[in-house]
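Me: I would like to go through this structure with you, one topic at a time. Please keep the answers plain.

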Amino acid sequence: MNASWPAHLDVGAVRFARPTARFDDVLTFYRDTLGLPVLAQWRNHHGYDGVVLGLPDTPVHLEITQHGSPPRIPEPHPENQLVLYLRGPEAVATAVAHLASHGHHPVAAANRYWPDRGAVAFEDPDGWVVILAPWVFGAQSPPPVRAGQA
């Protein structure tokens, strides 16, 4: 797979953003439990609380915001996912053990594609899904469907 940005779209960074009504719990999950680095954080900036978290490639970021009193957010949907592509099954096992040590447990993935290939799903405090996949998208092919899973 050779994917590149179109020449007319000179993108220097990408940010994924989503709202929350549990800002402190979600921040703790992504910053402290998963260990994503905080690149920027603010409180009550034009009525918003927010944090920008670095993902594995520095020009890719995850932004979490909270706004309103009480905060209003859309309900989570199982297809709204943050997929973290890890470097193999051992890396997934390490991440799963780390999350478990913080009291988080795997959840059923909405799509069999993920567990059939050795990925593990977790929910953050808002119920949004984080997938830990055992291959690097774009650099490796997904593992074949595990025996008995088809």
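Me: To start, is Asp126 buried or exposed?

Reply: This is a predicted model. In it, Asp126 counts as buried, because its relative accessibility is 6%, and the cut-off for buried is under 20%.

Me: Which residue does Asp126 form a salt bridge with?

Reply: The partner is Arg22, and the closest N and O atoms of the pair are 2.4 Å apart. Arg22 is partly exposed, with a relative accessible area of 39%.

Me: Which residues are linked in a network with that pair?

Reply: The network of salt bridges links Arg18, Arg22, Asp124 and Asp126.

Me: How many salt bridges does the structure hold?

Reply: There are seven salt bridges. One of them joins Arg43 to Asp24, with the closest N and O atoms 2.6 Å apart. Arg43 belongs to strand β2 (residues 38-45) and Asp24 to helix α1, so this pair ties together parts that are 19 residues apart in sequence. Arg43 counts as partly exposed at 46% relative accessibility, and Asp24 is also partly exposed, at 46%. Another salt bridge is formed by Arg31 and Asp32, whose closest N and O atoms are 2.7 Å apart.

Me: Let us turn to Asp49. Where is it?

Reply: Asp49 is in strand β3. It counts as buried, because its relative accessibility is 14%.

Me: What lies 2.9 Å from a polar atom of its side chain?

Reply: That is the backbone nitrogen of Asn44. Beyond its neighbours within four places in sequence, Asp49 is in contact with Phe23, Trp42, Arg43, Asn44, Ile64, Thr65 and Gln66.

Me: Now the largest nonpolar core. Which residues touch the most other members?

Reply: That core has 21 residues, and the ones touching the most other members are Tyr30, Leu53, Leu62, Ile64, Leu84 and Leu132. Elements giving two or more residues to the core include α1 (23-33), β3 (48-54), α2 (89-101) and β7 (129-133). The most comes from α1, which gives five residues.

Me: What does Leu62 touch?

Reply: Setting aside residues up to four places away in sequence, Leu62 touches Phe16, Tyr30, Val51, Val52, Leu53, Leu55 and Leu82. There is also a second, separate core of seven residues, with Ala119, Ala121, Ile131 and Ala133 among them.

Me: What about α2: which of its residues are buried?

Reply: Val92, Ala95 and Leu99 are buried in α2. These residues lie on the same side of α2 because they cover an arc of only 65° around the axis. As a general point, an α-helix has 3.6 residues a turn, so residues three or four places apart point the same way.

Me: What covers the buried residues of α2, and which residues are exposed on the other side?

Reply: The cover includes α1, β6 and β7. On the other side of α2, Glu90, Thr94 and Ser101 are exposed.

Me: How many residues does α2 have, and what follows it?

Reply: α2 has 13 residues and reaches 18 Å from its first C-alpha to its last, close to the 18 Å expected at 1.5 Å a residue. It is followed by Gly103, whose phi is positive, near 85°.

Methods
Residues numbered from 1 in each chain as written. Predicted model: local features only at pLDDT ≥ 70, side-chain atom pairs only at ≥ 80, totals over all residues. Heavy atoms only, no water. Core = buried A, V, L, I, M, F, W, Y, C linked by side-chain atoms within 4.5 Å. Buried < 20%, exposed > 50% of the residue type's maximum accessible area, 1.4 Å probe, protein only. Helix = DSSP H or I, 4+ residues; strand = E, 2+ residues; numbered from the N terminus. Contact = heavy atoms within 4.5 Å. Expected span 1.5 Å × (residues − 1). Arc of directions from axis to C-beta. Polar contact = N/O pair within 3.5 Å; in protein donor to acceptor, adjacent residues only side chain to side chain. Salt bridge = Lys/Arg side-chain N within 4 Å of Asp/Glu carboxyl O.
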